[in-house]
Amino acid sequence: MMEGQLADVIDEMIADPAIARLRRAREDVVQLTQRCYEAVLTPKEPGGLSAEERMALACRMARLTGVPAAVAFYDAHARATVQNQTLRDVAAGSPAHDPRLAAIVAHVDRVTTNPHASGRAEIAALVAAGIAERDIVALSELIAFLSYQFRVVRGLELLRGDAA
Amino acid sequence: MSKVVHDFTVEVLDWSPFVTPIDLAQASPEQRTALKITPSNTKISAYVLVLAHDPESLESRSPLFNIIMMGKGGLSRGDRELGAMGASAVNGCVYCMSVHARNFNTFGKRPDVVQEIFAHGTKATLDEHHGAIFDFAARLSENPPAVGAADIGRLRNAGLNEEEIVDLIHSAALFGWANRLMHTLGEPVRKG
């Protein structure tokens, strides 16, 4: 594998060769899903959301959604790559106190667990906390992509034969 | 003055953003590249111009969306649309529901299924085939996801093979993504 090229993270989470083969019936879906993962977690242009913040938020979201293979993956990666103590606390599910980070965390928690509860006022709150529109969209893509990824992983866990 | 729509409908709706769409005249080369392929290959909408704030995501997301919903073989187009509807029912995304209920009617030709879902949401009572698919998609869309081995068993009993189940997982999960963008970054409004 070339340096900088990641293994497919869903294969890594599921760790089952039969499921990896089954996924290859849609090879283009596998590859584009991996590219979207890289675009939200480790983008070439991270803008106002650092890779460390993105990983901490991903770990927090994984815990809120509770898909076992995803929780294990993001816990391990957040432990390895998130050094800042405030972000380590955010990853573990603690509240944030800095107004900018608190606004981001509140949005992450709301949209992860109950997207219907988010509307115009919730975007206005992010703007009021000083978050640029491009970062609001990037944050929304992070939350939304991970909500997809966790559910793909949950479905594949069940096909692997995990008990309910 | 356009009016915000709160109930499920098959009407063709507009979408009014909460975030300023990018100005195409000022778009960066990365944004222009990302805008070459739009979801469902339609014209460049306000929604896509909002997503163009994050061109790296948009560039891969658009073809992924199209392959999951329209890729050849596997689960029928109508059943993939039903997966999108299950997610949209749980997440209350009126805009996504309107588009995918119309698509379902085109491919599935079962307006009674759409009527039952609009009337009863996630509690809709459907025939064995549609019920297994809709309930799986809805239960996968809960947070935390509520699907279990029994839901997979229902899909197999309804005749879905493993590849078709993976297609359904993708279409339902994709709307965990799409609903969270469409519903949170703007709102559905009546045309005119």
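**A helix pair in chain B**

Mentor: In this predicted model, the crossing of α4(B) and α5(B) is left-handed. The axes of helix α4 (residues 77-91) of chain B and helix α5 (residues 94-108) of chain B come within 8 Å and cross at roughly 155°; since angles over 145 degrees count as roughly antiparallel, α4(B) and α5(B) are therefore roughly antiparallel to each other. On the side of α4(B), the contact is made by Arg77(B), Gly78(B), Glu81(B), Leu82(B), Ala84(B), Met85(B), Ser88(B) and Ala89(B), while α5(B) brings Cys96(B), Met97(B), His100(B), Ala101(B), Asn103(B), Phe104(B), Phe107(B) and Gly108(B). Sorted by class, the residues of this contact comprise nine nonpolar, five polar and two charged ones.

As for the setting, the domain assignment divides chain B into domain 1 (14-70 + 183-189) and domain 2 (77-179), and the C-alpha centres of these two domains of chain B are 24 Å apart. Seven residues from domain 1 of chain B and twelve residues from domain 2 of chain B take part in the contact between them. Helix α3 (residues 55-70) of chain B, with four residues, gives the most to the domain 1 side of that contact, a side that holds six nonpolar residues, one polar residue and no charged residues.

Chain B also touches chain A, in a contact that takes 49 residues from chain A and 45 residues from chain B. On the chain A side, α9(A) gives the most, with 19 residues, and by class that side has 25 nonpolar, eleven polar and 13 charged residues.

Notes. Residues numbered from 1 in each chain as written. Chains lettered and ligands numbered in written order. Predicted model: local features only at pLDDT ≥ 70, side-chain atom pairs only at ≥ 80, totals over all residues. Domains from an automatic or database assignment. Contact = placed C-beta atoms within 7 Å. Helix = DSSP H or I, 4+ residues; strand = E, 2+ residues; numbered from the N terminus. Nonpolar A, V, L, I, M, F, W, Y, C, P; charged D, E, K, R; others polar. Axes fitted to C-alpha atoms, helices over the stretch in contact; angles between N-to-C directions. Parallel < 35°, antiparallel > 145°, perpendicular 65-115°, else oblique. Left-handed = near helix turned anticlockwise from the far one by under 90°.
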